[in-house]
Amino acid sequence: MSDKNTLKDLLSNKMQRRTFLKWSGAIGIPVIAGGIGTKMLVDHKEETKTAKAKDTEKIISTCSINNCGGRCVIKAHVKDGMVVRVSTDTQESGDLSTPPLRACVRGRNYRNMLYDPDRLKYPMKRVGKRGEGKFKRISWEEAIETIASEVKRIGDKYGPESRYVNYASGQSWGLHGGKNAARKLLSLTGGFLNYRNDYSSGAGNVATPYTYGTNNTGSSFDSLLHSKYIILWGQNPSEMIFSTPYREYLMQAKKNGAKIIVIDPRYTDTAIAFADEWIPILPTTDNALMDAMGYVIVKEKLHDQAFLDKYCIGFDGDHMPDGVSKSESLKSYLLGEKDGIEKTPEWAERICGVPAGKIREIAREYAKSKPAALIQGWAAQRQAYGEQFMRGGAQLACLTGNVGKLGGWAAGTGYWSRSDIVYPFSYENPVKASIPCFLWTKAVEKGTEMTAADGLEGTDKLTTNIKLIFNMAGNMLINQHADINKTTKLLEDDSKVEFIVVSDIFMTPSARYADILLPGTTFFERYDIGVPWCFGDYVVFGDKTIDPLFECRDEYDVFAEVADKLGLKEKFTEGKTTLDLVKESVERTRKELTPDFPSFEEFRRNGVHHFKYDSPLIGFKEQIDDLKKHPFETPSGKIELFSKALWDMNQQDEIPAIAKYISSWEGPQDPIINKFPLQLISWHYKRRCHSTYDNQAWLEEAAKQEMWMNPKDAEKRGIKGGDRVQVYNERGSIYIDVKVTPRITPGVAGIPQGAWFTPDKDGLDQRGSVNVLTSQRPTALAKSNPQLTNLVEVKKA
Ligand SMILES: Nc1nc2c(c(=O)[nH]1)N[C@H]1C(S)=C(S)[C@@H](COP(=O)(O)OP(=O)(O)OC[C@H]3O[C@@H](n4cnc5c(=O)[nH]c(N)nc54)[C@H](O)[C@@H]3O)O[C@H]1N2
Ligand SMILES: Nc1nc2c(c(=O)[nH]1)N[C@H]1C(S)=C(S)[C@@H](COP(=O)(O)OP(=O)(O)OC[C@H]3O[C@@H](n4cnc5c(=O)[nH]c(N)nc54)[C@H](O)[C@@H]3O)O[C@H]1N2
Ligand SMILES: [Mo]
């Protein structure tokens, strides 16, 4: 199996490649099922051309548990110990109690990942300068010995707060994986500095609970079958997979007659597939549109006064918290009673670019077409004042009384969950100190200077900066964090972070910064359970389809060996293998959570378990049905349109007590727009999961790495479609090919996030890695990542 030529032969099989292109050819045509022709999928019967199914053992597994919001069925066809092809769920659309879990192009490409000749094959140690990319093969014994001794040395010298396990989502939705293994090892040896929050909905996760008391503000997707009007606000589920079955429900909702509106700077695949109307908008200005919609709704008395009176704090002067002036109410703000500025559609149009007449129209439609669901994506909260976006959506849902109702939607972060399994692998970190995950580079540089104002919790002061990093199945060290040029400089200095361990399956931009580099397994080479994001009512068995290739190893087994070196093996494994963890999870899920969950053998045979429910889950139904018995989890027990807790922070300019438009740094009103006149956003691409799959050739053919630019902006700069351009600002510069298209709002450029940072000899990226251009300045309240707030200029290369 280690023979490169065998692998190449296998992968260059012409028929298979053609077959793949047949599947992926439609990816450019934005159709409903994730860019893959729905009709084609529906019409498709198990195709038998390449490998005869009867010759192979078909093992049902799931695609990688990296941080895609979906989890799909992958059938690995195994012959003589090799995966010879993959196929997916062939169930037809229609039965929504067990929606089909068909893989997209990425899952279908997974065999190429498995047998990619560029897989990391052996443990290695750095021999050149850090980041230079020079490594030497070492034995597992040496790798394990080095990790054990550095964990101890750095812990002894600097204390446990010097040790950090970086945010990394390459193995995030299963029972074990490198991050948890590293955390357990460190917990058993004194502990480590914690992080809170994530890069996905970081601003929302902190902001939404100020309104509703929780981030579980969503409803199950079957509730959409009852909606008359659906606003997908910066959400693109045709491409950005939130949950595999989501689109099935949207299709059905549309068939049921729901009108669907998409608000996005780009005319997305979702807009094409689902929308009755696309509302283009300038990034960072969504709250201006929200404010004006609120203004129209209140001014025209379309608001649900009874709902606001009963369930909410802060709508009008009669419902303010004690000690706060009536003039601070939401209504007063919208009508401009205090600041003299009515938040009219004309006011908003000048900021966000949406025509005033259109604003009036959608405000009226949203308020009158009940029940209406306003569902928010997360890109618009990955902005400098992203907290306002999340609370602003919730505000509109409350104004119209769409909360807690079947077919409505509470907006906000939008998590929900009613299907769970037991996670048997656990640890307890004796260290309580924690930082917001986005501020890890600050904790490397100036950890000891961080305070509560930086979001430091669990301690007043850190005793040390970060000195050791475990980066397990993540590309956050370099690629996915903001301001790559700043981070590379920081990490190159090995007197700052003294020891970095990376586990990955490829030599990624982050892997190049390892001191010890570990070759991980793919999902096909280990046992696990694939859990979809909390929006899915199912789980998929992750069966081991073949033994690990080369010298690749599960991180769990590696850390068990490290623990052994430190005399802690038994405490680490508790006598269990990864297969034992899967079995225990199944058994305990049956016992503790879901009695009709299948047995281990049955689950393994079926591959998938769908949790079944009699009725949709409706966010906040309990509270709306009986507020006395089920108060909201806010300080007042009601929905806090005005938050006294935020008010008391006394930073009204950046952290207002009601959600409102705040003119953003590096937004369209920032004077530096004269120097860098284009707003640059990024999005989650259909052919990658973040940076995962970026090196996959077939996927690049299916959807290329290129920047979207409006013809008006291109013409001004003498740029034509296909030209190579340089995109730059004060943080750096990248090169990328351009797609000139009216599908993006003038004044905005869009680059799919996740391309691998690929510097030339002068350090200039040649692949279009957007984080060269993003900023490490955190959001005001959550201290989260504003990676979509950027101003740039573009010129022909
Ligand atoms: N500009 C910009 N930046 C962003 C975002 C954005 O929208 N714009 N989005 C942010 C968001 S929401 C997120 S969640 C983060 C994601 O950032 P990361 O968490 O870094 O996610 P990935 O880039 O997918 O990196 C996962 C790594 O794990 C490796 N991997 C995959 N499978 C396995 C496995 O089975 N075993 C091992 N050992 N390794 C594996 C992959 O090769 C890859 O290098 O990025 C954030 N960064
Ligand atoms: N195929 C695929 N699916 C994925 C992922 C992936 O990498 N690939 N990653 C997963 C992960 S970890 C996450 S967190 C989610 C991400 O989920 P989201 O954050 O919701 O997804 P994005 O693609 O970043 O953005 C959604 C849409 O918002 C638009 N947008 C950008 N800025 C603004 C703005 O200021 N205002 C408005 N109204 N719209 C804006 C973008 O053009 C895009 O179409 O996706 C998950 N699913
Ligand atoms: Mo994410």
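**View 1. Gly530 stands opposite Val540 in β18.** The model shown here is predicted: local features need pLDDT of at least 70 and side-chain atom pairs count only at pLDDT 80 or more, while totals for chains, interfaces and linings use all residues. Residues are numbered from 1 along each chain as its sequence is written, chains are lettered from A and ligands numbered from 1 in the order in which they are written, and side-chain values use heavy atoms, leaving out hydrogens and water. β17 pairs with strand β18 (residues 538–542) in the antiparallel sense over three bridges; two strands pair if DSSP finds at least two bridges between them. Helices (H or I, at least four residues) and strands (E, at least two) are DSSP runs, numbered from the N terminus. The three strands make an open, antiparallel sheet in the order β17-β18-β19. β17 (528–530) and β19 (608–610) each have a single partner strand at the edges, so one side of each is left without a neighbour in the sheet. On average, and with direction ignored, neighbouring strands here are turned by 25° against each other. For such angles, axes are lines fitted to C-alpha atoms (for helices, over the stretch in contact), and values run from 0 to 180 degrees between N-to-C directions.

**View 2. A second open sheet has three strands in the order β1-β2-β3, with antiparallel pairing.** Which strands stand at the edges, each with a single partner? They are β1 (57–62) and β3 (82–88), so one side of each lacks a neighbour in the sheet. Strand β2 (residues 73–79) meets β3 in an antiparallel pairing over six bridges, and Lys75 has Ser87 in β3 as its bridge partner.

**View 3. Helix α7 (residues 178–188) is mostly covered, with 10 of its 11 residues buried.** Buried means under 20% relative accessible area, exposed over 50%, and partly exposed in between (1.4 Å probe, protein chains only). Among the buried residues are Lys179, Arg183 and Lys184, along with Leu185 and Leu186. The cover includes α6 (140–158), β6 (163–165), β7 (194–196), β14 (468–472), α19 (555–565) and α20 (569–573), where contact means heavy atoms within 4.5 Å. After α7 comes Gly190, whose phi is positive, near 115°.

**View 4. Ligand 1 has 35 residues around it, and Ser169, Asn475, Asp504, Ser691 and Thr692 come nearest.** A residue counts as near if one of its heavy atoms lies within 4 Å of the molecule or strand. A polar side-chain atom of Ser691 lies 2.5 Å from an oxygen atom of ligand 1, and an N or O atom in the side chain of Arg382 is 3.2 Å from an oxygen atom of this ligand. A nitrogen atom of ligand 1 lies 2.8 Å from a polar side-chain atom of Asn771. How much of the 930 Å² that ligand 1 exposes when taken alone does the protein bury? The protein buries 99% of that area, computed by the Shrake-Rupley method with a 1.4 Å probe; for residues, only the protein chains shown count as cover.

**View 5. Ligand 2 is surrounded by 36 residues, the closest being Asp264, Asp286, Arg382, Arg688 and His690.** An N or O atom in the side chain of Arg382 is 2.7 Å from an oxygen atom of ligand 2. The backbone takes part as well: a polar backbone atom of Gly234 is 3.2 Å from an oxygen atom of ligand 2, and a backbone N or O atom of Ile241 lies 2.8 Å from a nitrogen atom of ligand 2. Taken alone, ligand 2 exposes 920 Å², and the protein buries 100% of that.

Technical notes
Polar contact = N/O pair within 3.5 Å; in protein donor to acceptor, adjacent residues only side chain to side chain.
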